[in-house]
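Biologist: Before we discuss this model, could you put the sequence and the structure on the screen, so that we can go through the questions one at a time?

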Amino acid sequence: MRIAIIGTGYVGLVSGACFADFGHDVVCVDKNKEKIVTLQQGLIPIYESGLSDIIAANSKAGRLSFTTDSSAVGQAQVVFIAVGTPASNNGGHADLSFVYAAAREVAAHLNGFTVIVTKSTVPVGTGDEVERIIREERPDADFEVASNPEFLREGAAIRDFKLPDRIIVGAESERARKVLSEVYRPLYLNAAPLLFTSRRTAELTKYAANAFLATKITFINEIADLCEKVGADVQEVARGVGLDNRIGTKFLHAGPGFGGSCFPKDTTALVTMGQDHEAPMRIVEAVVAINDQRKRAMARKVVCALGGSVRGKTIAVLGLTFKPNTDDIREAPSFVLTRTLMEMGARVRVFDPAGMENARAVLNGVGYTESAYDCAQDADALVIVTEWEQFRALDLARLHRAMRQPVIVDLRNIYRRDEATRHGFCYVGIGKGGR
Ligand SMILES: NC(=O)c1ccc[n+]([C@@H]2O[C@H](COP(=O)([O-])OP(=O)(O)OC[C@H]3O[C@@H](n4cnc5c(N)ncnc54)[C@H](O)[C@@H]3O)[C@@H](O)[C@H]2O)c1
C-alpha cells in the first residue's frame, strides 16, 4: 500500500518506519524543515532504541522517504494524521489546530479514493470535523475518515508498534475497514487483535485507556503515602495486589507522579470532554489534581530528608526525562521538583543520559553535569527521579566519598534501604514506612 504520514514526531516517525518495514511504501511529511533534512541525511531526531536501523534499511530499500511537501499525499491510498494535540490554554481542551490544518492540507492534494486516518489522540467528534473540513475544501473528493489511535510507549515504541496488544480501528464504512485491514495485515497474521469500532468509540477508547493507566499510578501513589504513615511497604503491597490477575502488576509502581507527552494532557482533555457532555469524569478530575500536587510534594520530601531546609544546599538530581529510554522531557516531574527546590533556595545539579540537550533549552539556573558521579560531587542530597538502567547499580561507596552529606532520596525505589544504609547513607524511598 502507499501510505503518507502527516507529522513525523514520535508517533509519525515510528509508525512510518514500521509500516515501511512491513513492506508498504511510506512517505513521512513534516512542516519542520530541520527535522526532515536531518532524516534525509540518515540521522534520527529522537532517541528511540532500534529506530535508526529500521529507518536506514527501509530508506535504502526505497520504501521510506521524508519530505516537507504535503503534495506527496496525492500518491497515497491511506493518509495518517499524526500531528501533536497538546493541551490548549482553553481550560484543558486538546488543541486541535494542527489536526485541522493537516486536514486542510491533505484535502488540497487528494487524488483518487483515500482513507484519512487520525492517529493523533483526539477528542470524540474530531473525525466528524475532519470529514467536514475535507468535504468543504474538496466537495469532489472520494475519501473516508477513520480513527486509529496509537498506543505505543516511548522507549519501547518499535516493540509496541510491531507487537501491539490490540489495534483499534474506528471506521464508518466497509471500504475504510478493508483498507485498514490491508495496512495492518502483517500484524494480525501475528495474532494482534484488530478491533473494529465506530469512529467515536475508537476516539474515546484511547482517552479511556490513558486515564485508566494514570488512575492506577495515582492510586498506588496514594497508597504509598499511607504506607509511610502506617509503617507498611508499598512495593510489597503493590506486589500483593498486582498478583491478582484481575488487577495485574503493571502501572503499580509508586513514584513522583506521572508526566510525559500523553497522560497529563489526555487526562485533562478527558475531564473537559466529560464536562462538555455533562458526564463528569470525577475520578479522573481527582487523578489530575492529586498528580499535580504530588510533583511539588516531592520537593518537600527532599526538604524533610535534609532536616527542614534546602536553603544554600546542593541537590543532585538524577534523571530529567519523564521515564527512561527516551529523551522526552515533556511534563516530567523532574522539572517541577527542580524548580521548586531552586525556589526554596537550593542549588541544583542535574544529569540525564539522554535528556540533557532538550532540558538545556528550557531549564535555566541548574548545573549540567557529565555523569551521575559528577552530579553527586559535593551534593547534600542525591535525588533519583528517573529510573534509568545506569542509575540502578551506582557505586554507593564512590557516591558516599563524592557527596558532602550522604543522603539519597530515591523517588523510584530502585535501591534497598538496607543496602544504602550499609554504605552509610540516610535513605528515603517512596512508600517505605517502618524500619
Ligand atoms: N508520544 C507518544 O508516546 C504518543 C503515544 C501515543 C499517542 N500519541 C499521540 O500522537 C500524537 C502525536 O504525538 P507525538 O508525540 O508524535 O508529537 P510530536 O510533537 O513529537 O510530533 C508532531 C509532529 O507533527 C508536525 N506537524 C504539525 N503540524 C503539521 C502539519 N500540518 N503538517 C506536517 N507536520 C506537522 C510537527 O512539526 C511535529 O514534528 C499526539 O496526539 C499524541 O497524543 C503520542
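**A buried glutamate and the ligand shell**

Modeller: The model is predicted, local features need pLDDT of at least 70, and side-chain atom pairs count only at pLDDT 80 or more, whereas totals for chains, interfaces and linings use all residues. Residues are numbered from 1 along each chain as its sequence is written, and side-chain values use heavy atoms, with hydrogens and water left out.

Biologist: Which backbone nitrogen does the side chain of glutamate 48 reach at 2.9 Å?

Modeller: A polar contact is a pair of N or O atoms within 3.5 Å; within protein, one must be able to donate a hydrogen and the other to accept it, and residues adjacent in sequence count only if both atoms are side-chain atoms. The backbone nitrogen of alanine 156 lies 3.2 Å from a polar atom of the glutamate 48 side chain. At 2.9 Å, that side chain reaches the backbone nitrogen of glycine 155.

Biologist: How much of the ligand does the protein bury?

Modeller: An oxygen atom of the ligand is 2.6 Å from a side-chain N or O atom of aspartate 30, and an oxygen atom of the ligand is also 2.6 Å from a side-chain N or O atom of threonine 85. Taken alone, the ligand exposes 840 Å² (Shrake-Rupley method, 1.4 Å probe), and of that area the protein buries 89%.
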